[in-house]
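Welcome, and thanks for taking a look at this one. Here is a short briefing to read alongside the model, grouped by topic.

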Amino acid sequence: RLNKALPGLVLGILLYGAAAQLIGVWLTEDKVQYSAGLWIGIFLAIGMAVHMAVVIEDAVSAGGGQAKLIAMSLLRYAVVTLVFFCVMKFHLGNPIAAFAGVMGLKIAAYMQPFIHKAISRGKGSERC
């Protein structure tokens, strides 16, 4: 059911998370809160990517469903808002680091063509 680009997107999010972890842990005083917030954001970004792929695939295969796309988008934003509220209310991690983790979805979307090309080369395939 899932998009062929999703594994590359998830890999990009994880690579971004690893880089942000290595760089950020040197720059912050509270390393535990930073790391917790960052990885909450990274896993939230992965969940968002998987949810988007499933919803888009369902909408395309069902032949439409703009209302469902809008509803699922609003649900995704509500979940993100709820997670951020919980991070701040219960001090589960640094909310700025969590935001940086969620932004991994955007960074990975830009990196995805390069990751796809690298994966294709590794498999010996020239087609994208």
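Which residues in α1 meet which residues in α5? Gly 8, Leu 9, Leu 11, Gly 12, Ile 13, Leu 15 and Tyr 16 in α1 meet Gly 104, Leu 105, Ile 107, Ala 108, Ala 109, Met 111, Gln 112, Ile 115 and Ile 119 in α5, where contact means heavy atoms within 4.5 Å. Please keep in mind that this is a predicted model, in which local features need pLDDT of at least 70, side-chain atom pairs count only at pLDDT 80 or more, and totals for chains, interfaces and linings use all residues. Residues are numbered from 1 along each chain as its sequence is written, and side-chain values use heavy atoms, with hydrogens and water left out.

**Overall layout**

- The chain has five helices and zero strands; helices (H or I, at least four residues) and strands (E, at least two) are DSSP runs, numbered from the N terminus.
- The C-alpha trace spans about 45 × 40 × 15 Å along its principal axes.
- The chain has 128 residues, of which 33% count as buried; buried means under 20% relative accessible area, exposed over 50%, and partly exposed in between, with a 1.4 Å probe and protein chains only.
- Of the contacts between residues at least 6 apart in sequence, 73% join residues at least 24 apart.

**α1 with α5**

- The axes of helix α1 (residues 6-27) and α5 come within 7 Å and cross at roughly 115 degrees; axes are lines fitted to C-alpha atoms, for helices over the stretch in contact, and angles run from 0 to 180 degrees between N-to-C directions.
- This crossing of α1 and α5 is right-handed, a term used if the near helix is turned clockwise from the far one by less than a right angle, with anticlockwise being left-handed.
- The contact residues of α1 and α5 divide into twelve nonpolar, four polar and no charged; Ala, Val, Leu, Ile, Met, Phe, Trp, Tyr, Cys and Pro count as nonpolar, Asp, Glu, Lys and Arg as charged, and the others, Gly among them, as polar.
- Gln 112 lies in helix α5 (residues 104-123) and is buried, with a relative accessible area of 16%.
- Leaving aside residues up to four places away in sequence, Gln 112 touches Ala 5, Gly 8 and Leu 9.

**α3 with α4**

- Helix α3 (residues 66-89) packs against helix α4 (residues 95-102) at an angle of about 155 degrees, with their axes 10 Å apart.
- The two helices, α3 and α4, are therefore roughly antiparallel to each other, the word for angles over 145 degrees.
- On the α3 side, Phe 84, Val 87 and Met 88 meet Pro 95, Ala 98, Phe 99 and Val 102 of α4. The residues of this contact are seven nonpolar, no polar and no charged.

**Gly 101 in α4**

- Gly 101 lies in helix α4 and counts as buried at 0% relative accessibility.
- Not counting residues up to four places away in sequence, Gly 101 touches Tyr 16, Leu 38, Gly 41, Ile 42 and Ala 45.
- Gly 101 and Leu 14 are 87 residues apart along the chain, and their C-alpha atoms are separated by 9.6 Å.

- A search of the whole structure finds one aromatic pair; rings of Phe, Tyr and Trp (its six-membered ring) pair if their centres lie within 6.5 Å, and planes under 30 degrees apart count as stacked, over 60 as edge-to-face and the rest as tilted.
- The pair is Trp 39 with Phe 43, tilted, at 6.0 Å centre to centre and 45 degrees between the planes.
- Both Trp 39 and Phe 43 lie in helix α2 (residues 31-62), four residues apart, about one turn of the helix.
- Trp 39 is partly exposed at 25% relative accessible area, whereas Phe 43 counts as exposed at 55% relative accessibility.

Technical notes: Parallel < 35°, antiparallel > 145°, perpendicular 65-115°, else oblique.
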